[in-house]
Amino acid sequence: MKEGKDEAGARPALDLPPESAYKQATVKLVQKRSKKTGLPPGSLVHIGEHKPERVKIDAFEYTASRCDERAVADPNGLHPPADESVLWVDIGGVHKPEVLEAFGRQFGLHPLLLEDIANTDQRPKLDDYETHFFLVMKMLAVTDRGDIVVEQVSFVLGRHYVLSFQENGTDVFQPVRDRLRGGKGRLRQAGADYLLYALVDAIVDQYFAVLESIGERIESLQDKVVSDPEPETLKDIHELKRQLLFLRRAVWPLREATNSLSRSDCPFLHEPTKIFFRDVYDHVVQIVDTIETLREMVSSSLDTYLSSVSYRLNAVMRVLTVITTIFMPLSFIASIYGMNFEHMPELKWVWGYPLVLSLMGIVAAAMLLGFRWRKWL
């Protein structure tokens, strides 16, 4: 079993936002950028929908023999470790410029890096700033209602520290915290690069849970498309296509970022850790392939839906056509005896009325038998 999951025993669970926050946290393909128009590069303007009430900052500083955990009220008191200990600062909330500026001063972060943190519409990427790496990812989860909850997470990797900036502080990092507190496994003995791997791996593992949920919805939808296609079914298909489009956008660029991490020549990214990043890269490739497969399944479901609706319409039209065809000769017979000619000998027959009705019944029965014989009914 991979070390990233040995203490947790399962994929990490996501602490979802409250029900009232679902609308803000769910998938939004394009964020509004108009408020940044005309500003110089490096301007700290928050771009995004969800803003937590306050910025929560937690710090872990640890070595193989100890682990100190504390909540931080003032980021100006934080700085890179002077010894061989590892510092992890987890920041929940990126909408306050003064907080980002404080981290920029204390850790020597570039203004463009801080600008990217405040912009929650970034695509996954990896930037090398010589003294530190900057990695952007999307954290995903599925609610009970089937909505995708998305949060951008930005990582800064230094020689002895990792900074994680979360959009709203809802994460999958609890197993990593538990492993740090317990001191089990490789995490406390390794450096900051392995801590970054553990955090990235927790996010990537959550992708599998999201895809599993969407896959189950697609299988259920395919059965419904064949058995009972309804207008609501079409709405579900388009919603799944939209979600898969967002998943592809969130995961596809991550292949390049994780591949670059596994091949980087950075001195504080050690060779043993690169092996683990190669494993993450393999998982990302697998996730991308799964997303493409699910997209094809949804597209085929749409084709099946249209075919099912067309088949049902054809079946209804066939029945109506058969009924119309049967009544055409009956209408012809009835129209003949509806003419107001004086010399029509059948009008004087005592049995004329029942004979005409019997003739009409025989004609209808003969046509029905003919349709059944030709398997039109």
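This report walks through a predicted model of one protein chain, from its overall make-up to a few single residues.

**How to read the values**

Because this is a predicted model, local features need pLDDT of at least 70 and side-chain atom pairs count only at pLDDT 80 or more, while totals for chains, interfaces and linings use all residues. Residues are numbered from 1 along each chain as its sequence is written, and side-chain values use heavy atoms, with hydrogens and water left out.

**The whole chain**

Let us start with the overall picture. The chain has nine helices and seven strands; these are DSSP runs numbered from the N terminus, with helices (H or I) of at least four residues and strands (E) of at least two. Of the 377 residues, 47% are buried. Here buried means under 20% relative accessible area, exposed means over 50%, and partly exposed lies in between (1.4 Å probe, protein chains only).

Among contacts (heavy atoms within 4.5 Å) with a separation of 6 or more, 69% are between residues 24 or more positions apart.

| Residue | Relative accessible area | Class |
|---|---|---|
| Leu320 | 45% | partly exposed |
| Leu368 | 36% | partly exposed |
| Cys67 | 24% | partly exposed |
| Asp121 | 12% | buried |
| Cys266 | 9% | buried |

Leu320 lies in helix H8, residues 271-336.

Leu368 sits in helix H9, residues 352-373. Leaving aside neighbours within four places in sequence, Leu368 is in contact with Ile326 and Leu377. Leu368 and Ile326 are 42 residues apart in sequence, and their C-alpha atoms are 7.7 Å apart in space.

Asp121 is found in the loop between helix H3 (111-118) and strand S4 (125-128). Its side chain makes a polar contact of 3.3 Å with that of Arg249. A polar contact is a pair of N or O atoms within 3.5 Å; within protein, one must be able to donate a hydrogen and the other to accept it, and residues adjacent in sequence count only if both atoms are side-chain atoms.

As for the cysteines, the structure holds zero disulfides, a disulfide being a pair of cysteine sulfur atoms within 2.5 Å.
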